[in-house]
Amino acid sequence: MTLVGKDFLLTNEWGRKLFFDYAKDMPIIDYHCHLVPKEIYENKNYKNITRLWLNDGTYGDHYKWRLERANGVPEELITGNADDYEKFLAWAGTIEKAVGNPVYEWTHLELRRFFGIDEPLTRKNAPEVWKKANALLQTDDFKPRNLIKLSHVVAVCTTDDPASDLHYHKLLKKDERENGFRTLPAMRPDNLIYIDKPTYGQYLNELAAVSGVKINSFKDIIKAMDQRFGYFNKMGARLSDHSLSTYHFIEATDDELDSVVKKAINNEQLTDHERDQYLTMLVENLMKLNKKYDWTMQFHNNVLRSINHPMFDQIGPDTGFDAMGTQPDMVAEIQKLFTKMKDEDSLPKIIFYSLNSNDWLQLVTLMGCFQEGGKQRMQLGAAWWFNDTAEGMQQQLRTFAQQSLLPNFVGMLTDSRSFLSYPRHEYFRRVLCNFIGSLVEQGRAPEDKEYLGKIVQDISYNNALNYFNFFPDEKPSALFAKHENKFQF
């Protein structure tokens, strides 16, 4: 079989029918990514494939960096100031050893879909790939906006701090009909959640300035956040995202919270108990705000972050030194939170991702206790990060299907910082179609092409369109001209 060829990941006839006849050409709603709005707006061609693929000086692909370190590549050729071509050669020498890793498959999907390069990338053919890719990168089709539009994307949700003025979102909103897609903010309040950071007090000053709320207490923080929710909502935001590496449900009084906030502002050492109190009450209040504005609240849990301290000190966070967490009582603690918020009628729509797949069955059965009030308000999120493999996706789909209603699933997201990551939606759709096709072959789903085709189209696109309500006034088909879908075969 050809590498990432026509039948890539499709091992049964029904899977092939569903993918090619129903899933392949559906539009994309990328409801969680880390693209930079400034880069979308400025719409500049990338100098070369290293800048687009590996490290452009603003951010980089830590998936790739981890593999390079495993291959003995010096840090200078990964995150350092080495020549871009030498960095590309180092990556080519790494990827040829990555068979079986999803990054190997994503890399070759991107080469095939965007650059028309069919052969596996190796150090030997790297010079030819470098030359062909870089020539294409200077064309109009490879400007960021066209990479989005020509990948058949109609909505992109970036990840934005509550204190952001959303300047580039405002500018992009003026151009969205011309662009052919909508760029929307999604709020991520990490700078509030990570109360131990030495910059916490400075951040509260920034939040106070942008919200117009003088912050002297925990209640003032929530008042300021209410203002920011309202502002983001006017800008089209419909989601928030919350990174809870660990979580313990411990409530606190206002006086206790004010004391904790004061200590954090003064950079005094917090106890685990104080930290858990603050986080519990912050999350409770953020859940109330998500419910008030009818947003979807995303949780990303069970992560060990920046555990290589010397490398963190050298190059900072999000550089490839995170791992799966193993908090054994995570879901039990989340249950206390959900139960409390349900008692107060303050439970919003929720998508829950755990990096530890051992949590998934517990999570999906927990969320099944709180589904009333709308269609699939509580969702087990797509296989995330280290689980973002064909096998991880299959496990997530199987768990969702066995314990809830898979046809209601809102589907895939890129969770990426790269404009070349949209083939991950194709990757997911192939896994999805193959999974449903295998159910047909086992006699567990009907041989009804129209019925099953609607399911895969809904999961690929329609469910996200309806669930998030990114287009309350017009459907994308009316708002934008038909997409060319150029980068899919």
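1. Helices are DSSP runs of H or I with at least four residues, strands runs of E with at least two, numbered from the N terminus.

2. A word on the basis: this is a predicted model, where local features need pLDDT of at least 70, side-chain atom pairs count only at pLDDT 80 or more, and totals for chains, interfaces and linings use all residues. Residues are numbered from 1 along each chain as its sequence is written, and side-chain values use heavy atoms, leaving out hydrogens and water.

3. On the α13 side of the helix contact (heavy atoms within 4.5 Å) are F218, I222, M225, D226 and F229, and their partners in α15 include Y278, M281 and L282.

4. T389 sits in the loop between β9 (378–380) and α19 (390–403). With a relative accessible area of 18%, T389 is buried (under 20%, 1.4 Å probe, protein chains only). A polar atom of the T389 side chain lies 2.8 Å from the backbone nitrogen of G392. Beyond neighbours within four places in sequence, T389 touches P102 and Y427.

5. Lastly, H248 belongs to the loop between β4 (239–244) and α14 (254–265). Apart from neighbours within four places in sequence, H248 is in contact with D276, T280, Q327, D329 and E333.

Conventions
Buried means under 20% relative accessible area, exposed over 50%, partly exposed in between (1.4 Å probe, protein chains only). A polar contact is a pair of N or O atoms within 3.5 Å; within protein, one must be able to donate a hydrogen and the other to accept it, and residues adjacent in sequence count only if both atoms are side-chain atoms.
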